[in-house]
Amino acid sequence: MPGRSRPRRLPDYAARGVCAALLLAGGCAERPEEEPGSADAEHLPEAAAESLPAASAVLPVGGDIRRPERTRFEPPMYPESARQRGEEALVILELTLDREGAVAEARPLRGPDDLAEAAAAAARQWVYEPTLVDGAPTALRFAETVRFVLRSSGGQGMRLPEGAGVPPPEALRGPRFPNWQIAGHAFTACPCDTPCPCRSNGPPSHPPCHATTATRLTNGRYGGVDLAGAQFVTLGPETWVALYLDEALDETQRDAILGIFRSLAPGAPQRYRAVRRTPLTITSSRVAAGLLRRAVIPGILEMETVLPLGPDGVLTGWLPGMDVWSNRITYGRTGAYRFRDPSIPAAWDHTGRQSNAKEFTLNLDMYRRGRMLIQHADGSGDWTTAQQALFSCALPRREP
């Protein structure tokens, strides 16, 4: 049975642009029509040719040999030639890893030439966790897929819809949205590395961003609508494509929650694949390792995280982070994270990946005044000047 020989390494998020291609986690969406042949080392860059293992030493992924986890991801650049002709496509690559987990060869098997080469160029910079077979590091070969999708920049990970920055002055005149204020807690799970680059204004490390957030309001009002005790789950990847509301909520409360989301980005459309009431539980309980928070939608979602507690029983480990509810987050240890809804359809299992939590008190005026880190996101991989100016209110003020 294979094993992993070293801890996961964090990718370098700095100075990355917005990813223009979505890497499908979990490998091939379809199998190649023919088996991959042996690589032609004469056509490889010199460094890659030297590191390419002998064909007899490379094992295919399958059976007891599992696909290794990627630890460094570099997003493919969308070729201008493909962009000009408006082409979207699925590219299939055959990757050969050396014994250390680095990509020694990336050979296109299927896809337009320019898109295939862009995918292969990015893949040659990827790194995977080494795989042990009978206790020895082993070179592997397997297929990987990259789907190129044209879209405007931004919109990845923790991004509000386009147009979600500080509203223009004319949007602040008149009660377009009733005043609202909410307080509560939420936690999010996704397939990204820890720390999640999306929370620090970068692109996701493992796109597409399957982020799911479970929110419980301890108190709140939207105009005259009481939202105390409201529970709901929002599903990514790019905006809120699904919203599951506790079946105990009535239609007025449902509309109020939808109104809150619309008010975060005035004028930006909210497109949902599903909005429905359903049996839903969000629970918190003390365990030996900290605070266990768990969200369950029977037959659809199971998600949990264990969060760090200080000696006083209060959550610790707060960091600045982009989120629709808060300017600070704390990371947890992710347990189960499984989702499946055939009606959307969507399904994944990111158990053990990344999770973070927030406790918040928030109102409409904070968004109107541009006081949220997420409103100033650009996906650059570094904090913007406007975000840095907000750091003083991202963490609790310490008294001298």
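Two strands pair here if DSSP finds at least two bridges between them. Helices (H or I, at least four residues) and strands (E, at least two) are DSSP runs, numbered from the N terminus. What you see is a predicted model, where local features need pLDDT of at least 70, side-chain atom pairs count only at pLDDT 80 or more, and totals for chains, interfaces and linings use all residues. Residues are numbered from 1 along each chain as its sequence is written, and side-chain values use heavy atoms, with hydrogens and water left out.

**View 1. The whole protein, before we zoom in.** Seven helices and 22 strands make up the secondary structure. Of the 400 residues, 51% are buried; buried means under 20% relative accessible area, exposed over 50%, and partly exposed in between (1.4 Å probe, protein chains only). The accessible surface comes to about 18,200 Å², and 50% of that belongs to carbon and sulfur atoms. Those areas come from the Shrake-Rupley method with a 1.4 Å probe, and for residues only the protein chains shown count as cover. Take the contacts (heavy atoms within 4.5 Å) between residues at least 6 apart in sequence: 72% of them join residues at least 24 apart.

**View 2. Strand β9 and its two partners.** Here β9 (180–190) runs antiparallel to β10, with ten bridges joining them. Ten bridges also join β9 to β22, again antiparallel. Ile182 shows both pairings: Gly220 stands opposite in β10, while Leu362 is the bridge partner in β22. Ten of the eleven residues of β9 are buried, so the strand is largely enclosed by the rest of the structure. Setting aside neighbours within four places in sequence, Ile182 is in contact with Leu217, Asn219, Gly220, Ile260, Trp325, Phe360, Thr361 and Leu362.

**View 3. The largest nonpolar core.** A nonpolar core is a set of buried Ala, Val, Leu, Ile, Met, Phe, Trp, Tyr and Cys residues joined through side-chain atoms within 4.5 Å. The largest one has 31 residues, and those with the most contacts inside it are Trp180, Ile182, Leu227, Phe232, Ile257 and Trp325. Two or more residues each come from β9, β10 (212–222), β13 (242–246), α5 (251–264), β22 (354–363) and α6 (364–368). Helix α5 gives the largest share, six residues. A second, separate core has 26 residues, including Leu235, Val241, Ile300 and Leu301. As a bit of background, nonpolar side chains tend to be buried together in soluble globular proteins.

**View 4. An open sheet of five strands.** The strands line up in the order β15-β16-β17-β20-β21, with antiparallel pairing. At the edges stand β15 (281–287) and β21 (346–349), each with a single partner strand, so one side of each is left without a neighbour in the sheet. On average, neighbouring strands are turned by 15 degrees against each other, direction ignored; axes are lines fitted to C-alpha atoms (for helices over the stretch in contact), and angles run from 0 to 180 degrees between N-to-C directions.

**View 5. Two hairpins around β16.** Strands β15 and β16 pair over seven bridges, in the antiparallel sense. Two residues link them in a hairpin, and Val287 has Gly290 of β16 as its bridge partner. On to the next pair: β16 and β17 (residues 301–307) are antiparallel too, over seven bridges, with Leu291 opposite Leu307. Their hairpin has three residues between the strands, and Gly299 takes a positive phi near 80 degrees there. Six of the eight residues of β16 (residues 290–297) are buried, so this strand is largely enclosed by the rest of the structure.

View 6. Thr334 lies in strand β20 and, at 12% relative accessibility, counts as buried. A polar contact is a pair of N or O atoms within 3.5 Å; within protein, one must be able to donate a hydrogen and the other to accept it, and residues adjacent in sequence count only if both atoms are side-chain atoms. The Thr334 side chain reaches the backbone oxygen of Arg353 at 3.3 Å, and a polar contact of 2.8 Å joins it to the side chain of Ser355. Leaving aside neighbours within four places in sequence, Thr334 is in contact with Glu304, Thr305, Gly352, Arg353, Gln354 and Ser355.
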